[in-house]
Amino acid sequence: MKNFLYYTKKAKYFEQSLPVGNGRIGGLVFGNLKKERIALNEDSLWSGYPRDFNNKDAHKYLDNARKAVFDKDYKKAKDILNKDMHGHWVESYLPFGDLIIEYKGISKKGYKRTLDLETGIACTEAEGFKETVFVSFPAQLMVVNIKSDKPISFKVSFDSQLEHKCETVEDSLVMMGQAPEVCMPPYYNKGESIVQGNKGMKFCAVLKVLGTAGFDNGAVYAINQKEVTLLISLATSFVDYKTMPTGDAYGKALSFLENTKSYNALCKEHVADFSSLFNRVEFELDGGYDDLPTDKRIKRMNKKSDDYSLVSLLFQYGRYLTISASREGTSAMNLQGIWNTKMRAPWSSNYTININTQMNYWCTDIANLSDCFSPLTDFVKKLADNGKVTAKDHYNCKGFCSHHNSDIWGASYPAGYPDGDGDSQQYAPWCTSGPWLLNQLYEHYLYIGDEDYKKEILPMFEECLAFYNDFLIEKDGELVTCPSISPENNFRDNGSSIALTYMPSMDREILFDFFENCRELGLDAPVIGQVKPASDGRIPEWAEEFEETEVEHRHVSHLYCIYPSRFIQSDELNKAAEKSLNKRGFGGTGWSLGWKVCLWARLGNGENAYRLIKQQLTYINPAVKLHKGGGSYPNLFDAHPPFQIDGNFGVTAGIAEMLKNEALPKEWSGKIKGIKTYGNKEISYSFKNGKRV
């Protein structure tokens with residue numbers, strides 16, 4: 001079955017469940033015909049509320065921190081950054097709850113469950129029975145249609161890990177709840193990890209029925225029915241990133257249920273909307289096992305490496321997830337997209353903007369989904385606004401800056417231990433996420449060629465440029481960043497493992513692009529030199545040729561100049577990048593594998609890119625919590641591990657880059673239609689044995 005995920009057993013773990021979404025509402029369908037669970041998310045349900053966690057005195061210590069870095073007094077520099085220039089953990093993306101359907105007497109004979117990537121519909125079927133689930137962007141509703149040849153009975157209820165209550169209100173089932181004021185990341189357990197309070201976000205789910213059902217005791221009951229459709233509306237009290245979350249969650253949820261249509265009309269409307277985006281790109285690879293269950297295909301691929309159409313399915317799955325998790329007017333995709341089932345999710349399911357959030361949007365334009373890009377632009381606007389306070393408080397600079405973590409409230413400060421009593425030097429003291437994100441926005445403009453969009457993003461470039469005009473400091477006759485790091489790696493100097501430094505190659509390469517983009521926008525920007533190969537022939541990671549503490553580190557930050565940079569580099573730099581990549585190896589976490597696919601594709605080496613794609617398709621058993629190295633879960637979610645969605649988008653971008661550059665392995669034969677390049681142009685061609693025909 002082309003562009004289908006297919007299974008013959010119910011999901012036990014969420015890494016086996018099937019994701020559906022409309023950008024705002026997400027669902028994970030488990031396909032249990034006894035006690036069905038559809039895990040629910042809503043893109044604005046986060047802990048916290050608008051607060052200024054900037055360290056107001058941090059700028060007073062900047063000169064001392066810089067001096068310590070330049071003097072290589074790393075202990076002093078680390079102490080200053082950790083104790084005197086620290087910020088606070090950002091807030092957490094939270095699970096909304098679960099829709100529970102308790103069926104009676106459903107036969108499991110002929111059981112199967114599928115996810116149709118082309119239509120965005122998940123189905124669970126058995127003999128004479130079918131459950132159909134989708135989330136409609138036009139209707140802003142989750143729709144669950146239950147149909148049986150014979151009359152069946154079932155009970156429907158809501159549940160949530162958050163503080164909540166459920167009740168029946170006339171002809172609807174309602175769940176009301178409140179998110180906590182604080183939800184600390186799972187790796188921080190000092191003091192109270194979750195603070196409930198009453199200032200946090202309120203949330204509401206409302207369920208209505210098309211068909212015959214009864215409402216009683218906080219549940220819905222269908223008795224001896226052949227067809228019932230459930231309409232589920234989710235909403236929160238979120239207003240915007242600067243305003244206390246005091247909106248009317250219940251009223252908003254009800255508003256989406258006004259003037260509802262029939263099931264057939266809702267389904268037709270949804271399919272037309274979803275497939276209009278998905279069908280823009282066709283990608284076929286000859287040879288594969290489309291009729292096998294997807295989990296078995298992944299396992300077979302690990303042994304035989306001959307399921308080529310599984311690669312095209314993985315590519316299209318990244319496009320499917322983009323359409324499902326990022327639509328106009330919704331929040332930008334976080335570490336789990338919009339599919340999080342944990343109260344204290346890995347890395348708070350936040351925005352990690354030293355690679356992961358950026359990677360979420362790498363495939364959007366090239367995979368012909370530019371319509372899904374605007375949430376990232378909206379997210380950067382938050383950072384640009386809040387980042388003005390951060391620039392002033394932390395560095396006494398004009399303009400705006402942001403660091404490595406953010407949330408729905410637009411956090412821009414260096415997130416870390418709230419009391420300054422821990423070591424966050426490997427990730428927090430890095431303020432170059434702003435220009436990286438703006439470079440990505442400018443490249444989006446190059447794809448769509450919209451002059452109004454160019455005017456929209458120009459003020460953010462001006463503010464970010466103002467920051468660097470103030471922040472850059474001269475060392476040895478050259479402008480450099482300081483303090484900074486190469487996320488999240490260490491070097492060795494005089495026997496010590498160190499992170500803090502000045503002008504790491506990543507900063508240089510990002511700013512080289514940023515200043516050039518500024519000039520193309522008509523702004524007067526500083527001139528800095530591009531990175532140069534080191535004495536060993538590789539691209540250096542730091543300004544000085546320090547020894548690496550971890551040669552195969554997951555981050556390949558110093559190769560930004562190759563990808564995602566939009567500029568074509570010299571043969572000398574490309575060869576240095578090849579040497580760097582070979583040294584880094586062909587392993588890594590899920591998203592690291594995706595980045596390396598992009599890099600090898602940009603370098604024109606399809607064989608090495610494909611080697612990494614096969615590594616990405618390593619089967620990861622969700623029952624095993626600790627697993628070294630990335631891969632794919634049974635539902636093709638990227639395994640960092642644990643689940644991080646950026647790896648899905650990274651590998652999709654990498655495959656698109658291979659197709660764009662005709663960097664194809666000899667084993668591939670097939671066709672591509674509809675991927676994009678700058679100027680809104682499409683690329684389509686057939687290929688055989690890795691060569692265009």
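Ala, Val, Leu, Ile, Met, Phe, Trp, Tyr, Cys and Pro count here as nonpolar, Asp, Glu, Lys and Arg as charged, and the others, Gly among them, as polar. By this division, the lining of the largest cavity has 10 nonpolar, 5 polar and 7 charged residues. The model is predicted: local features need pLDDT of at least 70, side-chain atom pairs count only at pLDDT 80 or more, and totals for chains, interfaces and linings use all residues. Residues are numbered from 1 along each chain as its sequence is written, and side-chain values use heavy atoms, with hydrogens and water left out.

Cavities and pockets were located on a 1 Å grid over the protein atoms alone. A cavity is a set of points where a 1.4 Å probe fits but cannot get out. A pocket is an open set with protein on both sides within 12 Å along at least five of seven lines. Lining residues have an atom within 4 Å of a point. Grid points are joined across faces, edges and corners, and a volume is the space filled by probe spheres set on the points.

The structure holds 3 cavities of 30 Å³ or more. The largest cavity has about 260 Å³ of space. Its lining comprises 22 residues, and Trp-362, Gln-440, Glu-443, Tyr-563 and Pro-564 lie nearest the centre. Helix 8 (362-366), helix 10 (433-448), helix 12 (505-520) and helix 16 each give two or more residues to this lining. Helices (H or I, at least four residues) and strands (E, at least two) are DSSP runs, numbered from the N terminus. Helix 10 gives the most, with 6 residues. Tyr-563 and Pro-564 are also joined by a cis peptide bond, with omega about 15 degrees. Pro-564 is found in the loop between strand 24 (547-548) and helix 13 (571-584).

The second largest cavity has about 100 Å³ of space. Its lining has 7 nonpolar, 5 polar and no charged residues. Pro-483 is among the lining residues. A cis peptide bond joins Cys-482 to Pro-483, with omega about 0 degrees. Pro-483 is in the loop between strand 21 (478-480) and strand 22 (491-493).

The largest pocket contains about 390 Å³ of space. It is lined by 17 residues, and the closest to its centre are Tyr-187, Trp-347, Tyr-427, Glu-488 and Arg-554. The lining divides into 6 nonpolar, 9 polar and 2 charged residues.

An open antiparallel sheet is formed by 4 strands in the order 17-27-28-29. Two strands pair if DSSP finds at least two bridges between them. Strand 17 (282-285) and strand 29 (691-692) are the edges, each pairing on one side only. Strand 28 (residues 681-688) is joined to strand 29 by 2 bridges. Phe-687 stands opposite Arg-692 in strand 29. Helix 16 (residues 646-661) packs on the sheet, touching strand 17, strand 27 and strand 28. Contact means heavy atoms within 4.5 Å.

Asn-680 is in the loop between strand 27 and strand 28. Its phi is positive, near 65 degrees, although the residue is not glycine. Asn-680 is partly exposed, at 45% relative accessibility. Buried means under 20% relative accessible area, exposed over 50%, and partly exposed in between (1.4 Å probe, protein chains only).

Conventions:
Axes fitted to C-alpha atoms, helices over the stretch in contact; angles between N-to-C directions.
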